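The following exercises concern a single protein chain and are to be worked with the sequence and the model in view. Each task is followed by a solution in steps.

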Amino acid sequence: MARDLTYTRNIGIMAHIDAGKTTTSERILYYTGKTHKIGEVHEGAATMDWMVQEQERGITITSAATTAFWHYNGQQYQINLIDTPGHVDFTVEVERSLRVLDGTIATFCAVGRVQPQSETVWRQADKYHVPKIAYVNKMDRTGADFLAVVDEIVEKLGARAIPICLPIGAEEHFEGIVDLIAKKAYYYDGTSKELVNYVEKPVPAEMADEVEEWRGKLIESVAEYNDEILEKFFDDPDSISEQEIIDALRKATIDNAVVPTCCGSSFKNKGIQFLLDAVMRYLPSPLDKGSVKGIDPRTDREVERKPIATDPFCGLVFKIATDPFVGRLAFVRAYSGHLAAGSQVLNTRSGKKERVVRLYQMHSNKQNPIDMVEAGDICAAVGFKELRTGDTICDESHPVVLESITFPDPVIGIAVEPKTQQDLDKLGIALGKLSEEDPTFTVQSNQETGQTIISGMGELHLDIIVDRLRREFGVEINQGAPQVNYKEAVTKAFVHRQVFRKQTGGRGKFADIQVELGPADEGVSGVQFIDEVKGGNIPKEFIPSVEKGFKAAMSNGVLAGYPMTSLKVRLLDGSFHPVDSDALSFEICARLAFRNALRKCGPVLMEPIMSLEVVTPEDYMGDVVGDLNRRRGQIVDMDSKGNARIVKAKVPLAEQFGYVTVLRTLTSGRATSSMEFSHYAEVPANLAKEIIDKHGGPRRFLDDDVD
């Protein structure tokens, strides 16, 4: 019998680093009965932080999935929970998790409030239209202010945050919360770890007015989602029932119109049960999210798949992980139908059929074997050979391609080599497995130096990779200094005619094309190819080869061999030979045209620019700003929060290596910083010349290179 998806919640926990995501997920596991001991992050014992590196550093690196159950309103709900990292270097884990989740708990620190990574993950959730509940954690900390966080969510994130509870006290006097809908107070025993560690009492007399005020605001906000509530609100607000408010608030939350906001202290076990009830009340089930849309690859038409077991199966692979015992695990979100262990599915990207050998329900890094998954489930599967992150798997006779997942390009690289020649093969295998797991980690060979270059999202990201190579794969490596992943671009258009002719005895090679190369339209990446050939001067079957040639050539720019960001190619005219022309001739001709014409298109070097936020005491403000100016930084904004000053700047990544150490020295260890990728910008001419000269000057290409 099919499961009722009304009682399923696929949720994630997302936040800035150190807001308490993993501590919150540990409490959720404990209070749902999934674990019988609370694992603390600072002790390296958190269930969801299973990697050695996570336990040592006290940070989350990889998103971990688990399934738990919660009783609410006489029903048992299934929660598929994903705990995501907060550090910007591991943003890929947040991106791919949000792509497959139905709802999320956005966690904020009551002291730090809305921080840079809070904004990033919020934008990621908005991109995939994921409804949110806000949870203000660390209410027991000095400087905690619940309503100030609510204000910042409204101002900085543009969201309609609506408190559904108010804190009783704050800082060391934080005792519990008042439920604004039920008008009840819950006092928590901070030391007890009982599953019901609170007592229900009437609302404190001194809070009565405040509770009425905020309850009125809550009802007013949801009234537009229910006409009856709106009428009652004007006639007799007291006649509005709790269930009516909950139903209207649920509808508004699922429509992404409001964000129910609650508070607590996860570390002190306060407010978790209320948060869990809020998840069941307001976040959507797979049925609320409705059908998923995709493209039928046979007809290119849009098709729908309903979240029911009787529809044809389709699912999205959102993560690949390597397990030392079971091998390659593919994490799959099932959107429709059902999938049994041992059955065969179609990978619509490769067009190949793959067999699902085994299915698992995950609990952090432990696998529990299951026979079947249905629509709405999140599971891990073993047996796939060619799956990648973002692939759609589906019923062979009902193919569909779901929207994939977009990942940012890596911005920093280092050269690596094994310490011993015997480890060369092991290194290649290990890097292959790691790049399969993480789409923001890439491996390339430098043709000129023969070096292996690994690239990632930041210094910490590459540190973790090197550490994993040593511990998991037993490969000791030597590494070079970090290098910036520059890119190349063009600034003006140029029309060029290229003829490729080769006679080697017998049948020769011939292709002739006239193209205009120039900057791509805004927002376009890769090759923007426009076919304007008239009168069949180039046969239709050769035109895709011209595009293929330009795509291949873009991996090596003409200045220093860095990849091109984007390029507009207009194919204007050309000619062919009835015997000597073939697809390969036109592909080679396109690559030659790229190399010869690009020098006349105003090529420039582009560098990654990072968004930096520094929180510093007032006394060190001058030193911090002066240092950023020396690093070619542009100050974007200055603000104050309490006694601290906040500096926001755009700084080239090339100037940021080792910045954390310098900042600590400048401010006696009292300032903190966070940085994330912003955009690519042109490198100043004098610096560009230095970088190009370091690579041996502008690239010289030989015709032999393209054979």
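**Exercise 1.** Determine whether Tyr30 is buried or exposed, and describe how the rings of Tyr30 and Tyr31 are arranged.

Solution. The model is a predicted one, and the values below are computed from it. Step one: the relative accessible area of Tyr30 is 12%. Because the limit for a buried residue is under 20%, Tyr30 is buried. Step two: Tyr31 has a relative accessibility of 4%, so it also counts as buried. Step three: the two ring centres are 5.3 Å apart and the planes make an angle of 75°. Since planes over 60 degrees apart count as edge-to-face, the pair Tyr30 and Tyr31 is edge-to-face. Step four: the aromatic pairs number 10, and Tyr7, Tyr72 and Tyr77 form one aromatic cluster.

**Exercise 2.** Name the residues that touch the most other members of the largest nonpolar core, and list the contacts of Ile153.

Solution. Step one: this core holds 99 residues, and Phe108, Trp122 and Ile153 touch the most other members. Step two: helix α9 (residues 272-282) supplies the largest share of the core, eight residues. Step three: leaving aside residues up to four places away in sequence, Ile153 touches Phe108, Val114, Trp122, Ala134, Gly158, Ala159 and Ala161. Step four: another core, of 31 residues, lies apart from the largest one, and its residues include Ile513, Leu517, Val546 and Cys589. As a general point, nonpolar side chains tend to be buried together in soluble globular proteins.

**Exercise 3.** Compare the length of helix α8 with the expected span, and state which of its residues are buried.

Solution. Step one: α8 runs over residues 242-254, which is 13 residues. Step two: from the first C-alpha to the last, α8 reaches 18 Å, close to the 18 Å expected at 1.5 Å a residue. Step three: the buried residues of α8 are Glu244, Ile245, Ile246, Ala248, Leu249, Arg250, Ala252, Thr253 and Ile254. Step four: just after α8, Asn256 adopts a positive phi of about 60°.

**Exercise 4.** Locate His129 and Lys183, and classify the accessibility of His129 and of Lys183.

Solution. Step one: His129 belongs to the loop between α4 (116-127) and β5 (132-137). Its phi is near 55°, a positive value in a residue other than glycine. Step two: with 56% relative accessibility, His129 counts as exposed, because the limit is over 50%. Step three: Lys183 belongs to the loop between β8 (176-179) and β9 (184-188). The phi of Lys183 is near 55°, again positive in a residue other than glycine. Step four: Lys183 has 34% relative accessibility and therefore counts as partly exposed.

Definitions and conventions:
Residues numbered from 1 in each chain as written. Predicted model: local features only at pLDDT ≥ 70, side-chain atom pairs only at ≥ 80, totals over all residues. Heavy atoms only, no water. Helix = DSSP H or I, 4+ residues; strand = E, 2+ residues; numbered from the N terminus. Buried < 20%, exposed > 50% of the residue type's maximum accessible area, 1.4 Å probe, protein only. Expected span 1.5 Å × (residues − 1). Core = buried A, V, L, I, M, F, W, Y, C linked by side-chain atoms within 4.5 Å. Contact = heavy atoms within 4.5 Å. Phe/Tyr/Trp six-rings, centres within 6.5 Å; stacked < 30°, edge-to-face > 60°.
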